[in-house]
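User: I have a model open and want to go through it piece by piece. Can you take my questions as they come?

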Amino acid sequence: MKKLISFLKKFFSNPGPPDTGPDAETLRVEFQERYHHFKMLLNANNRALEIMTEIEQALSLKRPFGNSFIRTKSTAITVSLLRLLKNLEQLSGGKYNALYKQFDDICLNIEQIIEQKKEGKDERFIIPISSIDLTKADLVGSKMANLGEILNFVKLKVPAGFTITARAYDYFLEHNSLQTEINRRFVSTDITDMDALFALSKDIQKLIIESPLPEILENEIHKAYHDLELEMGSRSFSVALRSSAMGEDSAANSFAGQYRSELNVRKEDLSQKYKDVIASKYSFTAITYRLNKGIRDEDIFMSAGCISMVDARSGGVMYTRNPLDAGDDSIFINSSWGLPKAVVDGSVDCDLFTVTRDLSPRISFKDIKEKGTRFLCNADTGVCRFENTNETKDQPSISDAEILELTDLAIRIEGYYGSPQDVEWAIDQSGSIYILQSRPLQQMEAHRHNIPEDTVQEAGRNILASGGTTIFPGAVSGEVFILNSPDNMSNFPNHGILVVSQALPIWASLLNKAAAILSEHGTFAGHLANVAREFNVPAIFGIKNVCTLLKTGDEITVDSSRVCIYKGKIDLPAQEVMTGKTSFEIGPVYNILLHLSRYIVPLNLLDPYSPDFKPENCRTLHDITRFAHEKSVEEMFSFGKDHDFSERSSKQLFYKVPMQWWILNLDDGVKEDTHDKYIRLENISSIPMMALWDGIIAVPWAGPPPIDHKGLASVMFQSTTNRALEPGMKSAYTERNYFMISKNFCSFSSRLGYHFSITEALVSERASENYISFRFKGGAADTRRRIRRIQFIAEILTEHLFRVEVREDSLVARVEGYEMDFMTERLNILGYLIMHTRQLDMIMSNESAITRYRKKIDTDIQNVVLAKS
């Protein structure tokens, strides 16, 4: 009987707090130090996770990016991780310093991926075209390498000249320390802002153009020009300076029209025009092209071809096969009077000739346009546009014999390369044909399908215009945006229909946003046409008066396959003319970030209770953040567990509930410090404590549940045989109800009866830092009933979005990363459960009682606890 009386006294009463332990000021200082490092760690963790999200979004093609993005994000995340590790070291006293080795190893892998760079072994600044072939593409660029190949192996005529190599470009940048400054400007620019990109382009080009050429390089360029004078036997000729960058004119990336070519350049202007050409690496169109194709800036070394000008009577472009139909082996020749600039720029209409490939090729189609202008060389002003005022403007720009001669050259070039080619050519005043450029021609499979008759009829009733040339097939709807000047490009909307007068290369910068392109002029051999096909953008060129027929804001449907424009939105069948990965997704920048992300984003450490949850198993930066965050919470949590507090260190809460609640203000948890031994609720400013308290008092506790004789016997047996239940065996802190508080932090330790709970919470306006940790253990009943109560509580918490781990009769629950309102509601629920699940272990063998209490708890939470929050 004495044991029973003793047990009941202990069970239903709470002794006063002991008078031992450190003073409050010492604890405050220690807590503030820990709290500072904890918040700094959370900030670093949050920033690292944000960067991981940005990397994942970039890889999912939700945003464009260049190599500056990779460098910036890699640097930022490693800096954040280093800060995180430093603060964890301070929190734990260096307990987890083994993480530094994993961090260093991962950073080394990241650095090796980023710093990959092709180093050229050939140090020459100048190479004559007679010494160039495809093996020198890394030094002279694909354009000049192909021209050298055609001269030296296909044995066709090309203009005499030389290449200013990529090594010369690199030397120029090194001499003026330009690359570091260019990288800095890219890093500080928002590449998704078109206006910012315009400004960046102008600034970098100006920086390059105003930088002096190294004397040794300038001397070599002029010596090569002098040698060319001797070869040509004339001092009155001029040259063309043409870009020949790494990767330009390749099968995947044409860079058509993205870099600059300077025509009719005189000796005295050579140095300045060379800088203009290499500066065009940073033209607005070139920057956006690289971004949209996923090409690293530092992978593009600019070389320049310096070739003698052809005094062209006619010029143009020929395709050795149909780019829109891989099954069509016809040869397509686009031609105009004068230089081929008119054809490739898309600024005027040109003649089109189709030649059928037979044993004896024959001209199967002619489309002779009115060619009102031509581009010619002028001795004083360079290349000029002249009006055609005589009868030649309506005549074919090349003869039938020249068409067939060009056809023969096209077949020879395609036969040599073994693939379809896009060939630029010119015919001089004497009738000699010169090859100016050859690059791989991309083709697609023709796509044909039947359209339902009712759709055909609807389309026919709504037709606005028809005719022109299909550049890329497709059917799309959208709003018209008429663009007359590059100054208005930044206002072009996503998924708009781009409508222009001339198919200029500058419009290629909008191909990542445009749903379709319509142009009054231009041919499918022009630069913009090539890039439109690379980006799979439906386009029609040569639609007469389209800029006056339409107005900005009109909703139309473009069917480029049938060269028709319809009023309004018409649901035409989608045309899948290409499949597989996008050009950006197979680009080198994308692949570098993809490779890099494998050391950053994957999370391998999932279970903090697993024996594998340790520093040496961190294989990614995400693993390190996960491990560090988990351990930082444990270290903060241990502050509450490892300290005993005396009555002098804390104040007792003045409240009507007949229980003892003690409060230790660690920082700014109260509105006003007082010397009174009691503290009132209205003086408490701690957000998480008040949320927890609101749950504690939301529903008055009705007392312990009715205990049957088996339940009482179980409790008595455990009380008299299990010394772990004796209050004297625990620390003073775990025997009392203690709040350690600051404004946004609360650690609450409670012992009510024979169960123990510790709640810790950080709640602020920064959702990413917010967390709640709840631990519950113990009880006076037998093991089976205590386990059943733990499961009972776990089910409730899980329903309210806690992450719960249960081990026998102990429970750990966590919730984190939510907004303040959500977190305070979870604390309301915890406060309620702390009060109302005590002593429930005694009835955990009675199914009807369990059901009844569960229903009551659910009702209380929904109708009272959360209703009040």
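Analyst: A definition first: two strands pair if DSSP finds at least two bridges between them. Helices (H or I, at least four residues) and strands (E, at least two) are DSSP runs, numbered from the N terminus. By those rules β17 and β18 pair in the parallel sense, over 4 bridges.

User: What should I know about the source and the numbering?

Analyst: This is a predicted model, so local features need pLDDT of at least 70 and side-chain atom pairs count only at pLDDT 80 or more, while totals for chains, interfaces and linings use all residues. Residues are numbered from 1 along each chain as its sequence is written, and side-chain values use heavy atoms, with hydrogens and water left out.

User: Fine. How many helices and strands are in the protein chain?

Analyst: The protein chain has 24 helices and 30 strands.

User: And what share of the residues count as buried?

Analyst: 56% of the 869 residues. Buried means under 20% relative accessible area, exposed over 50%, and partly exposed in between (1.4 Å probe, protein chains only).

User: Which way do the β17 side chains point, and are they buried or exposed?

Analyst: I497 and V499 point one way, L498 and V500 the other way, and all are buried.

User: What sheet is that part of?

Analyst: An open sheet of 8 strands, in the order β14-β21-β20-β16-β17-β18-β19-β15, with mixed pairing. The edge strands are β14 (463–466) and β15 (469–472), each pairing on one side only. The twist averages 30° from one strand to the next. For angles, axes are lines fitted to C-alpha atoms, for helices over the stretch in contact, and angles run from 0 to 180 degrees between N-to-C directions.

User: Which helix packs on that sheet?

Analyst: Helix α15 (residues 527–534), which touches β15, β18 (516–519) and β19 (539–541). The direction of α15 makes about 50° with that of β15. Contact means heavy atoms within 4.5 Å.

User: Where does α5 bend?

Analyst: At K143, by about 80°. The bend at a residue is the angle between axes fitted to the seven residues ending there and the seven starting there.

User: How many of its residues are buried?

Analyst: 13 of the 18 residues of α5 are buried, so α5 is largely enclosed by the rest of the structure. K155 follows α5 and has a positive phi, near 65°.

User: Which strands does α5 lie across?

Analyst: β1, β2, β3 (239–245) and β5, running at about 120° to β3. There is an open sheet of 5 strands in the order β1-β2-β5-β3-β4, with antiparallel pairing. β1 (126–128) and β4 (261–265) stand at the edges with a single partner strand each, so one side of each is left without a neighbour in the sheet. Within it, β2 (residues 161–164) and β5 (residues 302–308) pair over 4 bridges, and G161 has I307 as its bridge partner.

User: Last one, N604. Which residues is N604 in contact with?

Analyst: Leaving aside neighbours within four places in sequence, N604 is in contact with R619, T620 and D623. N604 and R619 are 15 residues apart in sequence and 7.4 Å apart in space, C-alpha to C-alpha. N604 is partly exposed, with a relative accessible area of 32%.
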